[in-house]
Amino acid sequence: MQTHDMPIRVDHVGIAVESVEQAEPILFALGCERISIESVEDRFNWAYYRLGDASRLELIEPIAADTFLTDFLDANGPGLHHVTLEVADIDAIIGSLQKNDIRVIDRAEFDTWTEAFVSPRNPTGVLFQLMEYHDDYHEERLSPQELFINESRVG
């Protein structure tokens, strides 16, 4: 199967910020609605916002002094951190990328999703996060209509 035959879509765009509280007014002015905000291991907060029917944006702020996010903000300032793509078959996508000499880093499997990252040392300069959601992902997080296009998983 070629990758263009595999279901894939932009899940969300992650934006690194110093402060969610200071950054979210622009999202509200654009018509976004906050879906959730959560702390991860007391290291950073991420807040999800819905924009229109299925688009989501994510603001990520550090709450600890020594994280990948503080390093990113120190080096780059606020801005685009990553683009997350929901994929139906993460292993097939990784295989296709590797066949094209594109470096995939940090593959990890969790209870409700599997993720991997395309190194930003690629011609786009963008860190792509690949996510394959497991069927029960929404049970611990958001309802399917908040997570998936047409309330169902890609694939």
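**Exercise 1. State in which strand Asn45 is found, and whether it is buried or exposed.**

Asn45 is found in strand E3; strands (E, at least two residues) and helices (H or I, at least four) are DSSP runs, numbered from the N terminus. The model is predicted, so local features need pLDDT of at least 70 and side-chain atom pairs count only at pLDDT 80 or more, while totals for chains, interfaces and linings use all residues. Residues are numbered from 1 along each chain as its sequence is written, and side-chain values use heavy atoms, with hydrogens and water left out.

Step 1. The relative accessibility of Asn45 is 14%, which counts as buried. Buried means under 20% relative accessible area, exposed over 50%, and partly exposed in between (1.4 Å probe, protein chains only).

Step 2. The side chains of Asn45 and Glu61 are joined by a polar contact of 2.7 Å. A polar contact is a pair of N or O atoms within 3.5 Å; within protein, one must be able to donate a hydrogen and the other to accept it, and residues adjacent in sequence count only if both atoms are side-chain atoms.

Step 3. Leaving out residues up to four places away in sequence, Asn45 touches Glu38, Ser39, Leu59, Ile60, Glu61 and Ile63. Contact means heavy atoms within 4.5 Å.

**Exercise 2. Give the strand order of the open sheet, and explain why one side of E2 and of E6 has no neighbour in the sheet.**

Step 1. The order of the eight strands is E2-E3-E4-E1-E5-E8-E7-E6, with mixed pairing. Two strands pair if DSSP finds at least two bridges between them.

Step 2. E2 (33-40) and E6 (104-109) are the edge strands and have a single partner strand each, so one side of each lacks a neighbour in the sheet.

Step 3. From one strand to the next the twist averages 20°; axes are lines fitted to C-alpha atoms, for helices over the stretch in contact, and angles run from 0 to 180 degrees between N-to-C directions.

Step 4. Eight bridges pair E1 (residues 8-16) with E5 (residues 79-87) in the antiparallel sense, and Gly14 stands opposite His82 in E5.

Step 5. E5 and E8 run parallel and are joined by four bridges; Thr84 has Gln129 in E8 as its bridge partner.

Step 6. Five of the six residues of E8 are buried, so E8 is largely enclosed by the rest of the structure.

**Exercise 3. Identify the strands that helix H3 lies across, and describe Ala116.**

Step 1. H3 (residues 90-99) lies across E5, E6, E7 (113-118) and E8 (128-133), and runs at about 165° to E6.

Step 2. Ala116 lies in E7 and is buried, at 0% relative accessibility.

Step 3. Ala116 and Ile90 are 26 residues apart in sequence, and their C-alpha atoms are 8.0 Å apart in space. Among the residues that Ala116 touches are Ile90, Ile94, Val104 and Phe128.

**Exercise 4. Examine the phi angles of Asp42 and Asp101.**

Step 1. Most residues other than glycine have a negative phi.

Step 2. Asp42 is not a glycine, yet has a positive phi of about 55°. Asp42 is in the loop between E2 and E3 (44-51) and is exposed, with a relative accessible area of 61%.

Step 3. Asp101, also not a glycine, has a positive phi of about 60°. Asp101 is in the loop between H3 and E6 and is exposed at 74% relative accessibility.
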